[in-house]
Amino acid sequence: MAIVIDHSKIIIFAYYVPANLGELFFTLVDFLRFRKEINYSRETLVLGDSTKMTTSQAKIPLPGSEKQPVQGAKEVGAVAPDERFEVTLVLRPTPSAAGNAATQDPKRVSRQSREEFATSSKRASQKDVDQIVEFAKEHSLRVVETNAARRSVVLSGTNSQFARAFQVKLSRFKHPVTGNIFRGRSGPLFVPESLSPIVQAVLGLDDRPQAIAHFRPIRPGAKSVSTYTPMQIASVYDFPTSLDGTGECIGIIELGGGEKPTDLATYFKKTGVSVPKLVVVPVDGGSNAPTGDPSGPDGEVMLDIEIAGGIAPKATIAVYFAPNTDRGFVDALTTAINDAQNKPSVVSISWGSAESSWTSQAVQSLNQALQDASTLGVTVCCAAGDGGSSDGVTDGLSHVDFPASSPYALACGGTSIVSKTGSNIQEKVWNEQPEGGGATGGGVSDLFDLPSWQGSANVPPSVNPGHRVGRGVPDVSGDSDPTTGYSVRVDGSDTILGGTSAVAPLWSGLIALMNQKLGRSLGFVNPLLYSKLSGDFHDVTTGNNGAYSAKAGWDACTGLGTPDGAKLLAAISNA
């Protein structure tokens with residue numbers, strides 16, 4: 001080791017550092033860097049036995065790991081070298097299955113039990129896990145957990161340790177909208193060349209907010225036309241009345257906020273429904289943490305629980321609380337679908353963001369988890385977003401929301417109820433954007449090709465330049481207009497909420513009822529809906545979400561339409 005002093009800076013060249021001194025050496029160096037007193041360059045560093053040359057192996061950019069800065073975010077400082085946090089590495093499926101996983105036709109998903117899946121070729125191989133464990137040891141990172149079924153390895157370490165392991169610089173930023181401080185990065189991550197085929201994603205270094213809760217209060221100045229309890233909406237859509245979700249579990253993903261048992265007890269007593277059994281599952285340090293603000297994430301949590309629980313009151317409601325990061329989102333979903341204790345047969349997701357806001361590695365990881373859900377027979381209902389055809393992006397193009405745009409998700413769009421007379425219901429596309437409100441998301445994916453099961457749905461080319469033909473969003477819809485919205489209770493107050501957030505738990509509740517009746521889980525239901533059940537919906541043909549208009553049959557505003565619960569159940573029973 002040589003130290004050269006050049007008046008303005010100290011340059012440290014490290015050629016070999018023994019293992020017992022390496023961590024001490026770099027702790028000192030990183031501290032000086034944090035103090036901005038030195039710069040250093042490192043050509044080759046070998047910890048321990050220099051004959052192994054493991055950490056001197058060339059590192060290359062990890063495909064899909066590139067992150068862009070948050071637009072408008074201001075850098076406010078460095079991340080302390082000794083700050084500790086956890087990171088999840090998502091691994092490839094066992095190599096014998098990896099080639100089929102990415103190209104598998106969603107129409108031909110083969111189902112496995114959770115027990116079968118845990119030992120199948122879709123899990124991570126032990127050899128791959130062992131290589132990651134060895135990599136962690138070489139960089140003084142602690143292995144917190146390995147889970148072959150979830151294909152994940154959780155590592156814990158300091159900022160300086162992770163910085164060396166993945167050649168990344170982390171800084172503190174102030175979010176331009178929320179004002180919250182987050183840990184951020186830009187550019188790619190680097191891994192040893194031998195690990196590049198194994199590691200699909202490294203999540204958690206950057207903890208910027210990833211998703212938006214897709215619920216909406218009544219916009220200022222708007223008047224409520226009509227409001228509904230979940231049970232009344234179930235009646236509007238003719239859900240089967242003899243079923244209550246007995247024996248089923250509905251999973252709900254939440255990336256913030258919390259519920260108050262007293263609010264739930266008051267709400268369900270008022271609506272005449274028994275309080276459902278609620279199970280809280282913490283993920284990555286997430287917890288049931290009500291903020292006390294009904295307009296914040298508490299509104300999302302209570303809307304989801306009260307709708308799902310109102311429709312299927314005898315079902316267990318398992319709520320998976322995780323941080324609002326790409327790591328938290330992926331880990332929450334993989335935890336839910338692999339939960340062998342609660343065993344949800346359907347999962348509701350009311351969070352998401354435009355496809356363009358995700359890294360490729362996060363999209364791949366979440367999409368792979370959704371594919372795993374289809375293999376496990378778990379239906380995943382995802383809100384299609386409340387930002388209309390732009391999904392809230394201001395670049396003048398159309399965008400769809402992810403994870404709703406995954407071909408393995410049941411994407412849920414939104415309508416406004418115009419009138420209901422007997423069995424006749426009239427609806428239009430939910431779109432309040434001209435008045436400053438929200439609108440249902442929908443359009444054509446920029447990331448996913450047109451699935452085979454959507455081939456006869458007449459999905460139009462994208463309105464964007466190039467007119468790409470891709471996955472059409474949404475698949476189905478339901479009432480989401482706050483002016484015809486849902487009566488809920490949040491943080492001690494009765495209020496009215498809407499948004500496509502309401503439609504994901506609405507459909508999750510219906511699917512739980514169907515699963516109860518069938519005695520099995522519907523699982524990946526999209527191919528069946530498009531091929532045999534498209535006539536069992538209320539077709540919505542009026543309105544638009546900006547760039548796309550409703551029409552007879554499938555459209556990029558309301559999908560196949562809103563459910564006729566009794567017809568769908570009868571058709572599925574005979575399918």
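A residue is taken as buried when its relative accessible area is under 20%, and by this criterion six of the six residues of strand 14, which spans residues 249-254, are buried in the predicted model, so that this strand is largely enclosed by the rest of the structure. In a regular strand the side chains alternate between the two faces of the sheet. In strand 14, both faces are covered, with Cys249, Gly251 and Ile253 buried on one side and Ile250, Ile252 and Glu254 buried on the other.

The pairing of strand 14 involves strands 16 and 17. With strand 16, residues 316-321, strand 14 pairs in the parallel sense over six bridges, and within this pairing Glu254 stands opposite Phe321. With strand 17, residues 346-349, the pairing of strand 14 is again parallel and extends over four bridges, Ile252 having Ser348 as its bridge partner in strand 17.

A further sheet, which is open and consists of three strands, has the order 12-18-20 with antiparallel pairing. Its edge strands are strand 12 (212-213) and strand 20 (401-402), each of which pairs on one side only. Strand 18, residues 351-354, runs antiparallel to strand 20 and is joined to that strand by two bridges, and Ala354 stands opposite Asp401 of strand 20.

The structure holds four cavities of 30 Å³ or more, and the largest cavity contains about 70 Å³ of space. Its lining is made up of Thr88, Val90, Arg150, Arg151, Ser152, Val330, Asp331, Thr334, Ser365, Gln368, Ala369 and Asp372. Strand 5 (84-91), helix 9 (326-337) and helix 10 (360-375) are the elements that give two or more residues to this lining, and helix 10 gives the most, with four residues. By residue class, the lining of the largest cavity divides into three nonpolar, five polar and four charged residues.

The second largest cavity has a volume of about 50 Å³. Of the 13 residues that line this second cavity, Val378, Thr379, Val380, Tyr408 and Phe524 are the closest to its centre. The elements that give two or more residues to the lining of the second largest cavity are helix 10 and strand 19 (379-383), and the largest share, three residues, comes from helix 10. Nine residues of the lining of the second largest cavity are nonpolar and four are polar, with no charged residues, whereas the lining of the largest cavity includes four charged residues.

Definitions and conventions
Residues are numbered from 1 along each chain as its sequence is written. This is a predicted model: local features need pLDDT of at least 70, side-chain atom pairs count only at pLDDT 80 or more; totals for chains, interfaces and linings use all residues. Side-chain values use heavy atoms; hydrogens and water are left out. Buried means under 20% relative accessible area, exposed over 50%, partly exposed in between (1.4 Å probe, protein chains only). Two strands pair if DSSP finds at least two bridges between them. On a 1 Å grid over the protein atoms alone, a cavity is a set of points where a 1.4 Å probe fits but cannot get out, and a pocket is an open set with protein on both sides within 12 Å along at least five of seven lines; lining residues have an atom within 4 Å of a point. Grid points are joined across faces, edges and corners, and a volume is the space filled by probe spheres set on the points. Ala, Val, Leu, Ile, Met, Phe, Trp, Tyr, Cys and Pro count as nonpolar, Asp, Glu, Lys and Arg as charged, and the others, Gly among them, as polar.
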